[in-house]
Amino acid sequence: MNMKGEDMTGDLKLIEEPKRPMAMNPRKFALWLFMITVVMIFAALTSAYIVRQGEGNWMLFKLPLELWVTSGIILLSSATMHWGYLSAKKDELEKVKIAISLTTLLGVAFLVGQVYVWNALVEQSVFFVGNPSGSFLYVLSGLHGLHLVSGVIFLIIVLISTLKYKVHSKNLNQLQMCATYWHFLDALWIYLFVFLLVNH
Amino acid sequence: MATADIHITEETHHDDHEHHDDHGNFWTTYVFSTDHKMIAKQFLITGIFWALLGGILSVIFRLQLGFPEMQLEWLRPILGEWITPEGKIDAEFYLALVTMHGTIMVFFVLTAGLSGTFSNFLIPLQIGARDMASGFMNMLSYWFFFASSVVMFISLFIETGPASGGWVIYPPLSALPQAVNGSGLGMTLWLSSMALFIISTLLGGINYITTVINMRTKGMSFSKLPLTIWAFFLTAIIGLLSFPVLFAAALLLIFDRSFGTSFYLSDIYINGEALPNQGGSPILFQHLFWFLGHPEVYIVLLPALGITSEVIATNARKPIFGYKAMVGSMLFIAILSFIVWAHHMFVTGMNPFLGSIFMLLTLIIAVPSAVKVFNYLTTLWRGNIRFTPGMLFSIGLVSFFISGGLTGIFLGNSAIDIQLHDTYFVVAHFHLVMGSASFFGLMAGVYHWFPKMFGRMMDAKLGYIHFWFTFVGVYMVFFPMHYIGIAGYPRRYYSFTNFDTFNTFSDLNMFVSIAAIITLAAQFIFLFNFFYSIYRGRKASANPWRSTTLEWTTPVNPGHGNWPGEIPTVYRWPYDYSKPGADEDFIPQTVPFSETPGSNLPHENELIKLETDNDEQVIVVDEK
């Protein structure tokens with residue numbers, strides 16, 4: 001029975017072979033869906049910002065210069081993340097360790113920087129409680145910061161795997177997901193920063 | 001006639017080893033289960049509990065509306081201080097009842113109870129997967145829902161009462177504890193509960209979408225998906241896009257309530273004293289809320305429509321009429337659901353031009369909805385209809401979808417809405433088209449898939465009694481409300497009798513209340529039937545409805561992993577009922593066209609190829 005049909009007698013017939021549907025790694029796919037939900041939260045908040053701003057009674061203030069610094073830090077962290085990913089692809093594991101550690105440190109530095117931003121806002125007498133124009137800035141940066149904390153935790157998990165030599169060119173899934181999430185958080189912040197520059 | 005499959009190319013069923021008989025202990029089997037079927041049952045039982053509670057709450061406030069003079073002292077053992085010394089329902093508690101009835105029914109019954117049950121149960125079974133993409137996330141989804149249920153349940157028993165600003169929780173009413181007692185701790189618990197609920201819905205939704213896209217069995221292309229799966233899939237996408245927006249709205253409300261910000265609050269005086277909040281906008285909340293709120297209507301309705309498609313086609317023994325039109329109209333409804341939210345806000349002082357745009361978009365929804373109704377009716381037309389309880393409930397859904405949908409055309413008009421807004425006309429409209437229709441979809445699903453869930457049949461006679469009482473009852477409750485609403489009576493008001501204009505409706509209200517009590521009582525027939533049949537029902541066969549879809553190819557009581565052997569392969573669409581020339585009046589999706597030469601259409605014969613392009617082929621040897 002284990003041969004192609006021609007040499008057997010008429011008891012044979014061929015049936016159509018259906019295709020296996022296209023599929024990607026379910027975890028990666030779920031991560032993308034999660035990022036969509038995060039996009040929707042910030043889309044809601046930023047459109048609320050614009051709608052609210054359009055109604056007037058909107059306090060004007062200068063954005064703290066520290067925001068440029070933190071934005072620079074997070075852009076740099078994306079670069080180190082990508083360096084780490086490329087190194088892992090080439091199995092240069094020592095470089096991966098350095099890159100992931102650097103990214104983690106830059107992530108923490110960004111969070112610390114955001115606290116300085118909040119301090120600078122307080123010095124300008126822009127408080128969380130007060131005119132919504134200030135409150136929105138706190139909510140947007142705070143909620144983004146909260147997501148970044150989850151990103152840093154993810155980075156630490158990947159870092160531990162890296163130290164155990166579990167991340168290499170044959171086992172990239174975890175690192176790829178972490179990199180995707182990190183670049184996403186970076187892009188999200190840049191969007192928020194540009195949004196604030198244009199609309200504050 | 002036995003057939004043997006010989007796979008010449010490399011066997012690629014990498015997931016076969018995942019199947020194992022699950023002999024976990026009580027905790028891993030029934031409580032912290034990761035099996036989608038058990039999680040579905042957990043959602044169903046929790047949903048039934050909430051449905052009962054939500055129904056009882058509605059009957060309590062119907063007592064007040066129908067019999068305003070009635071002595072309710074006998075409710076004191078349950079409601080305690082909520083019964084005033086005069087033996088009436090406390091007016092603020094009335095508001096809490098209405099709020100909780102809405103919240104419970106919309107979110108806990110018709111979102112979690114409906115999607116949670118049937119998406120979980122049917123997605124892996126009907127697409128041919130061992131389980132959800134992530135069983136752990138699925139378990140978390142249920143337990144977040146459970147935690148959210150516990151918080152909401154506790155809020156019913158606190159001294160200041162549960163949230164009472166309506167299920168839409170508009171600020172400033174919901175933001176200021178000074179406004180109404182329920183806006184104190186009750187509202188805080190409401191918001192915490194909903195935050196947990198949103199997490200649960202998102203975890204579930206991410207899982208549903210991932211599973212449908214990535215884990216379909218061989219041959220299960222999107223054009224061969226049963227309409228149930230299409231409906232659950234689109235529902236999950238709508239939920240994924242809209243619930244985060246509710247989360248954002250709730251977050252800002254939490255900041256306003258607990259941290260003193262002013263996103264939604266401005267220029268408010270209480271007892272002559274000005275609140276410090278400046279610069280907020282309550283309309284902003286309505287925009288954010290209804291951006292979720294309107295899609296939520298379809299999150300509730302689409303799964304019921306999907307279930308109906310499946311049940312009607314199976315029991316009419318006919319292919320669903322216009323499969324592609326059904327998918328297309330659901331897709332169109334899903335897209336439109338995001339751009340019509342402002343029709344809930346016509347009377348908020350919205351720019352009339354903007355209002356007419358939203359009116360136009362709203363009325364367009366009538367097109368795909370009418371397509372669906374047409375297709376249901378044409379599927380029924382001249383079918384060999386078997387009136388099973390599930391079928392009756394599905395036909396009931398179509399009836400409510402028509403009668404409730406027609407009033408939607410009135411309400412979608414920004415001019416007519418000035419008269420009808422927030423009256424009992426609205427209540428009648430959405431209870432028919434969204435509430436009862438979805439509830440009937442849920443019931444149809446339970447009756448239809450009960451044999452697969454519990455391996456036993458529900459009693460059909462009790463099912464018929466349940467159906468007729470509920471069907472007639474629902475119309476008797478909601479039809480009269482149209483008249484009360486057209487007369488202008490506002491919803492959520494404690495008392496009709498305070499206004500002479502509405503005294504004429506006393507008898508009509510009494511009639512509605514009696515009908516509501518009878519309808520609720522009829523649900524106990526279902527409850528008995530459901531729980532009795534789990535243990536004592538007639539044993540089901542593997543495919544009691546002679547249906548084509550994959551779930552009926554599993555054993556009567558499928559284990560963890562669903563199919564004991566290999567996952568079946570799919571060759572045809574799910575609606576081959578009464579195909580001319582076929583041996584039986586249904587051909588399961590797993591039967592290749594090469595085995596049914598008598599019934600194949602010309603283009604189906606072409607699908608039988610000797611060799612496929614990728615040299616992957618199968619030979620079937622008949623061993624006579």
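B:F107 sits in helix 4 of chain B, which covers residues 91–127; helices here are DSSP runs of H or I with at least four residues, strands are runs of E with at least two, and both are numbered from the N terminus. This is a predicted model, in which local features need pLDDT of at least 70 and side-chain atom pairs count only at pLDDT 80 or more, while totals for chains, interfaces and linings use all residues. Residues are numbered from 1 along each chain as its sequence is written, and chains are lettered from A and ligands numbered from 1 in the order in which they are written.

With 25 other C-beta atoms within 10 Å, B:F107 is buried. The label "buried" calls for 20 or more other C-beta atoms within 10 Å of a residue's own, "exposed" for 12 or fewer, and "partly exposed" covers what lies in between, with C-beta atoms placed from the backbone. Setting aside neighbours within four places in sequence, B:F107 is in contact with B:A112 and B:F197, a contact being two residues whose C-beta atoms, placed from the backbone, lie within 7 Å. B:G412 is 305 residues away from B:F107 in sequence, and their C-alpha atoms are 23 Å apart in space.

Another phenylalanine, B:F530, belongs to helix 16 of chain B, residues 506–536. B:F530 counts as buried because it has 21 C-beta neighbours inside 10 Å. Between B:F530 and B:L377 there are 153 residues of separation along the chain, and 29 Å from C-alpha to C-alpha.

The loop between helix 5 (135–155) and helix 6 (185–214) of chain B is where B:P172 is placed. The peptide bond leading from B:P171 to B:P172 is cis, and its omega is near 5 degrees. B:I169 is also found in the loop between helix 5 and helix 6 of chain B. Although B:I169 is not a glycine, its phi is positive, at about 40 degrees. B:I169 is buried too, with 24 other C-beta atoms within 10 Å.

Now for chain B as a whole. A compact globule with 624 residues would have a radius of gyration near 25 Å, and the 26 Å of chain B agrees with that; the radius is taken over C-alpha atoms, and the globule rule is 2.2 Å times the number of residues to the power 0.38. Along the principal axes, the C-alpha atoms of chain B fill a box of roughly 90 × 55 × 50 Å. Of the contacts in chain B between residues at least 6 apart in sequence, 78% join residues at least 24 apart.

Chain B is assigned two pieces: domain 1 takes in 35–262 + 277–536, and domain 2 takes in 573–624. Such bounds come from an automatic or database domain assignment. Taken over C-alpha atoms, the centres of domain 1 and domain 2 of chain B are 41 Å apart. Where they touch, 9 residues of domain 1 of chain B are in contact with 8 residues of domain 2 of chain B. The domain 1 side of this contact has 5 nonpolar, 1 polar and 3 charged residues, where Ala, Val, Leu, Ile, Met, Phe, Trp, Tyr, Cys and Pro count as nonpolar, Asp, Glu, Lys and Arg as charged, and the others, Gly among them, as polar.

Chain A has 5 helices and 1 strand, and the order along the sequence is β-α-α-α-α-α. Chain A has a radius of gyration of 24 Å, whereas a compact globule of 200 residues would have one near 16 Å. The box filled by the C-alpha atoms of chain A is roughly 90 × 45 × 20 Å along the principal axes. Of its 200 residues, 32% count as buried. Among contacts in chain A with a separation of 6 or more, 80% come from residues 24 or more positions apart.

Helix 1 (residues 26–54) and helix 4 (residues 132–163) of chain A pack with axes 11 Å apart and at an angle of about 170 degrees. Axes are lines fitted to C-alpha atoms, for helices over the stretch in contact, and angles run from 0 to 180 degrees between N-to-C directions. Helix 1 and helix 4 of chain A are therefore roughly antiparallel to each other, the label for angles over 145 degrees, with under 35 being roughly parallel, 65 to 115 roughly perpendicular and the rest oblique. In this pairing, A:V38, A:L45, A:Y49 and A:R52 of helix 1 meet A:P132, A:F136, A:V139, A:L140 and A:H147 of helix 4. By class, the contact has 7 nonpolar, 1 polar and 1 charged residues.
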